[in-house]
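Here's a quick briefing to read alongside the structure. Take a look first, then work through the points below.

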Amino acid sequence: AAATLRQEIKMILADRVSIRRMLPYVGDISGMGSATYRELYAQMGAGIPMESAAETGTLTPIGIDVDYRDITIGRHGLEAHETFLAQITARAGIDWDISMLARQIGDTYEAEFMDSLATLLATFSNGVGSTGVDMSMDDFYDATYEFDLIDGSLGPLLSMLHGRQIADLKESKRGEPAEWIKDESQVSYKAEGYQGTLLNVPIFRSQRVTSDGTDRWGGIWAPGSIAYTMAGAGIANVRGLSHHAILLPELGMILDWDSDSNGALSKFYANCHFGLAVGDQGQLRGRYIRTDA
């Protein structure tokens, strides 16, 4: 059962088109003696091109700013209960079915990752849209224009929007005169997650986009502007787990069971540690999309 659950969770997550698999993974923090992963980089790249020089000419020295981003991991977990009576009276093996658990754990893990990512989008220092105004095609165009003017911004761009923003975008698209903008593949309903592309930008929908009650902050960014790390290999060092525990180093996840005879409950736990951060000149390569909630 443990091996089946482990494999089903991995297959479910591997089978999805998700933002998590499109972001740079900078490494495992296990054994580093800190909960913060420091990624160093030099601000060279496209912003400081090489110069054309004569064969015996002298190059002009440039200054290099060495910078870093700190990615601090945090705990993400859930606890689920089921009473002894519910299990006793249920059809054998049905209530906490392995395949059902795998689907639910996979959904929860992906949703939590999207929640953490959504929090970062609202921290971009620049953006498009207007407070209290519905999202429109103009907003999406404005967001992509921003990247046309950035030196060294690597694509493809990624975007995450709230369902309300997606609905408003569809409404705006309906009023556009050009026939190509009415492409049905771009306005058809799709479940949570990948929505397709618009202006060649993959769009993902998440109801966890940050909201203050008045506005929502979706976002558009170049992949290198946000990276993540997790604690995976080190989970094998955790002590005191039950003999039921299941380890998934690929996700940094620990699954375990317990029982409370006094409360007549069975308990299920899922814990994992990961973190995301904006960096690598990420503020230049990301834009929030702020529109009416």
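Let's start with helix α5, which covers residues 163-174 in this predicted model. At 1.5 Å a residue, its twelve residues should span 16 Å, and the end C-alpha atoms sit 17 Å apart, so the two values agree.

**Around helix α5**
- Quite a few α5 residues are tucked away: Gly163, Gln165, Ile166, Asp168, Leu169, Ser172 and Lys173 are buried.
- What covers those buried residues? The cover includes one helix, α4 (137-148), along with strands such as β6 (158-161) and β7 (193-198).
- Also part of that cover are β8 (201-205), β10 (215-221) and β15 (286-292).

- You'll find asparagine 200 in the loop between β7 and β8.
- Is asparagine 200 buried or exposed? Its relative accessible area is 69%, and the cut-off for exposed is over 50%, so asparagine 200 counts as exposed.
- Alanine 264 isn't a glycine either, yet its phi is positive at about 55°.
- Look for alanine 264 in the loop that runs between β13 (253-260) and β14 (265-278).
- With 30% relative accessibility, alanine 264 is classed as partly exposed, because that value falls between the 20% and 50% cut-offs.

- Leucine 255 is part of strand β13.
- Its relative accessible area is 0%, so leucine 255 is buried, given that buried means under 20%.
- Which residues does leucine 255 touch, leaving aside those up to four places away in sequence? Among them are Leu5, Ile9 and Ile105, as well as His244, Ala245, Ile246 and Leu248.
- Phe268, Tyr269 and Ala270 also touch leucine 255.
- Leucine 78 is 177 residues away from leucine 255 in sequence, but their C-alpha atoms are 9.8 Å apart in space.

**The chain as a whole**
- How many helices and strands are there? The chain has five helices and 15 strands.
- Of the 293 residues in the chain, 39% are buried.
- Take the contacts between residues at least 6 apart in sequence: 76% of these join residues at least 24 apart.
- The chain's accessible surface comes to about 15,500 Å², and carbon and sulfur atoms account for 52% of that.

Terms used: Residues numbered from 1 in each chain as written. Predicted model: local features only at pLDDT ≥ 70, side-chain atom pairs only at ≥ 80, totals over all residues. Heavy atoms only, no water. Helix = DSSP H or I, 4+ residues; strand = E, 2+ residues; numbered from the N terminus. Expected span 1.5 Å × (residues − 1). Buried < 20%, exposed > 50% of the residue type's maximum accessible area, 1.4 Å probe, protein only. Contact = heavy atoms within 4.5 Å. Areas by Shrake-Rupley, 256 points an atom, 1.4 Å probe, with all protein chains shown as cover.
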